[in-house]
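Here is a friendly briefing to read alongside the coordinates. Have the viewer open and follow along.

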Amino acid sequence: MTTALPFLDRSHSVAPLDYNRWRVPPAALAIHLSIGQAYAFSVFNLPLSRLLGGTAPAVGDWSVSRIGWVFSTAIVALGLSAALFGRWLERVGPRRAMVTAACCFAGGFFVGAIGIATHQFWLLLLGYGALGGVGLGIGYISPVSTLLKWFPDRPGMATGLAIMGFGGGAMIASPLSVALMTRFRSAASPGVAETFVTLGVLYLAMMLFGAFTVRVPAHDWMPTRAARVAGARPHAPVSSMNARDAIRTPQFWMLWVMLCVNVTAGIGVLGQASAMIQETFPGRIGVEAAAGFVGLLSLANLSGRFFWSSLSDRIGRGTTYMLFFSLGALLYASIPFAGHRASVPLFVGALVVLLTMYGGGFATIPAYLRDVFGTAEVGAIHGRLLTAWSVAGIVGPVLVNYVREYRIANGAPKSEAYGVTMYVMAGLLVIGLAATMRLRSLPAAIVQHGARA
Amino acid sequence: MNNDHRNQWVPLIGAWLVVLVPAIWGIAQVIKKSAALFR
């Protein structure tokens with residue numbers, strides 16, 4: 001079959017046998033550091049809500065809650081596109097997928113910039129939200145699947161490295177976006193459209209760097225270390241299952257529940273962290289210290305992605321998730337106690353550990369999928385599993401916000417408004433623990449459903 | 001030899017620098033901001 005731009009084909013990206021595999025993670029990081037920008041979108045909320053009014057919102061300006069739909073659309077498009085394009089990715093290889101992701105993600109910025117410049121909300125939603133979201137989804141799964149094939153001996157560490165980049169992307173994008181808006185601001189414009197165009201160009205360059213440096217291992221390639229320990233690893237699958245069969249197994253849905261509850265619990269707290277610490281410790285924690293707390297949680301999220309996924313290579317994926325859910329439930333339940341005792345260190349310490357496990361849950365799941373279903377279509381299976389993220393992205397913040405509002409409406413002081421939410425989160429993690437225990441008691445998916453090459 | 005990595009150091013280090021420099025800059029910004037919590 002002939003395809004457009006044949007130099008993007010998988011066959012053109014196969015590495016020679018002596019290729020140093022440590023040249024592949026930077027390609028993965030280039031993609032994830034770029035698309036991780038999505039989590040810094042909130043820096044545009046206020047400027048976008050004042051496009052007409054300048055210093056304050058004017059009649060006809062977009063409300064912040066309406067702008068929030070742009071981010072939500074992007075996350076839903078991420079999950080859907082990862083699910084839809086996963087098998088295509090496995091067929092065409094990572095280079096074509098990464099170039100597609102780069103064009104969609106950067107294209108989202110360019111279309112969004114037109115929407116901002118002409119003040120047409122639907123263009124911003126279609127551009128950054130839908131088109132950019134497709135770029136997020138394809139970009140998220142492409143490098144993960146490739147790294148799993150390069151690091152069969154350390155799959156957790158390899159995927160943790162890439163997915164850590166997604167956490168780090170917001171850390172670059174947030175200050176960069178603020179600096180660019182300051183640079184482009186004028187009496188006539190807040191500089192958001194110009195910032196969008198600049199970010200689009202920068203991310204296009206960075207992602208194309210990743211696309212053209214990525215390589216896939218040759219069919220007969222084996223890392224020396226993995227060859228040495230082959231057979232001794234209890235998690236190494238002997239064959240692979242295709243994505244269509246994988247989603248019919250109970251193992252897939254146990255993993256879906258585990259990812260969903262882990263993300264629901266973390267994402268709700270992450271979105272409300274600043275308000276939560278200020279309201280729990282009124283008069284002691286101000287706006288600036290709260291911003292520092294949010295930064296600390298971002299670092300915990302980032303480092304947890306690498307730490308826990310690397311540790312899972314040693315202690316096993318099941319044990320790692322058992323730790324997440326059992327220790328996580330205890331820590332969530334301890335947060336109201338920290339509020340009662342007015343203990344800032346206990347409150348901060350518990351949430352820092354929890355956020356390392358939130359990141360760790362994201363980063364370890366591809367390696368878990370690889371253990372259960374093999375590597376042949378792990379990108380496609382991972383893509384389908386990411387629908388759990390889309391669901392959690394909506395449920396998590398809604399749960400935290402609505403329970404808080406309900407408590408305040410029923411007379412609870414703001415300092416105690418989050419107590420019930422924390423118990424709900426602990427309960428969710430207990431469900432995750434049950435799913436992990438059930439998964440461990442199931443027979444191996446590949447053995448049960450028949451091996452496929 | 002399966003893993004002969006000779007002559008690959010320049011592209012290896014170059015590729016890591018491309019991603020590590022912006023990443024370290026971003027992390028430094030967050031650490032600066034986080035310091036406010038401990039003041």
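Predicted model: local features only at pLDDT ≥ 70, side-chain atom pairs only at ≥ 80, totals over all residues.

Residues are numbered from 1 along each chain as its sequence is written, and chains are lettered from A and ligands numbered from 1 in the order in which they are written.

**Overall picture**

- Chain A has 17 helices and zero strands; helices (H or I, at least four residues) and strands (E, at least two) are DSSP runs, numbered from the N terminus.
- Its radius of gyration is 22 Å, close to the 22 Å that the globule rule gives for 453 residues, so chain A is as compact as a globular protein of that length. The radius is taken over C-alpha atoms, and the rule is 2.2 Å times the number of residues to the power 0.38.
- Along the principal axes, the C-alpha atoms of chain A fill a box of roughly 60 × 50 × 35 Å.
- Of the 453 residues in chain A, 55% are buried. A residue is buried if 20 or more other C-beta atoms lie within 10 Å of its own, exposed if 12 or fewer, and partly exposed in between, with C-beta atoms placed from the backbone.
- Among contacts in chain A with a separation of 6 or more, 82% join residues 24 or more positions apart. Two residues are in contact if their C-beta atoms, placed from the backbone, lie within 7 Å.
- Chain B has one helix and zero strands, and 18% of its 39 residues count as buried.

**Helix α1 of chain A**

- Helix α1(A) covers residues 24-35, and its twelve residues reach 18 Å from first C-alpha to last, close to the 16 Å expected at 1.5 Å a residue. The expected span is 1.5 Å times one less than the number of residues.
- Twelve of the twelve residues of α1(A) are buried, so this helix is largely enclosed by the rest of the structure. Among them are A:Pro25, A:Pro26, A:His32 and A:Ile35.
- What do these buried residues of α1(A) pack against? Their partners are α4 (94-117), α5 (121-150), α6 (155-184) and α7 (192-213) of chain A, together with α1 (9-34) of chain B.

**Helix α16 of chain A**

- The end C-alpha atoms of α16(A) are 34 Å apart, which agrees with the 33 Å that its 23 residues should span at 1.5 Å a residue.
- Buried residues of α16(A) include A:Gly419, A:Met422, A:Met425, A:Leu429 and A:Leu439. The buried residues of this helix pack against α10 (250-280), α12 (317-340) and α15 (387-409) of chain A.
- A:Val430 is found in α16(A), which covers residues 419-441, and is partly exposed, with 16 other C-beta atoms within 10 Å.
- The C-alpha atoms of A:Val430 and A:Met322 are separated by 9.7 Å, although the two are 108 residues apart along the chain.

**Two helices packed on α14 of chain A**

- Two packed helices are described by the angle between their axes and the distance between the axes. Axes are lines fitted to C-alpha atoms, for helices over the stretch in contact, and angles run from 0 to 180 degrees between N-to-C directions.
- α5(A) and α14(A) (residues 378-385) pack at about 140 degrees, with axes 9 Å apart. That makes α5(A) oblique to α14(A); angles under 35 degrees count as roughly parallel, over 145 as roughly antiparallel, 65 to 115 as roughly perpendicular and the rest as oblique.
- Residues in α5(A) that meet α14(A) include A:Ile141 and A:Leu148, and those on the α14(A) side include A:Val378 and A:His382.
- α3(A) (residues 64-92) and α14(A) pack at about 175 degrees, with axes 7 Å apart, which makes α3(A) roughly antiparallel to α14(A). The contact includes A:Phe85 and A:Arg87 of α3(A), with A:His382 and A:Arg384 of α14(A).

**Residues outside the helices**

- A:Leu5, in the segment before α1 of chain A, has a positive phi near 50 degrees and is not a glycine. A:Leu5 is exposed, with 10 other C-beta atoms within 10 Å.
- A:His119 lies in the loop between α4 and α5 of chain A. Its phi is positive too, at about 55 degrees, although it is not a glycine, and with 15 C-beta neighbours inside 10 Å it counts as partly exposed.
- A:Asp220 sits in the loop between α7 and α8 (224-229) of chain A. Buried or exposed? A:Asp220 is exposed, with 7 other C-beta atoms within 10 Å.
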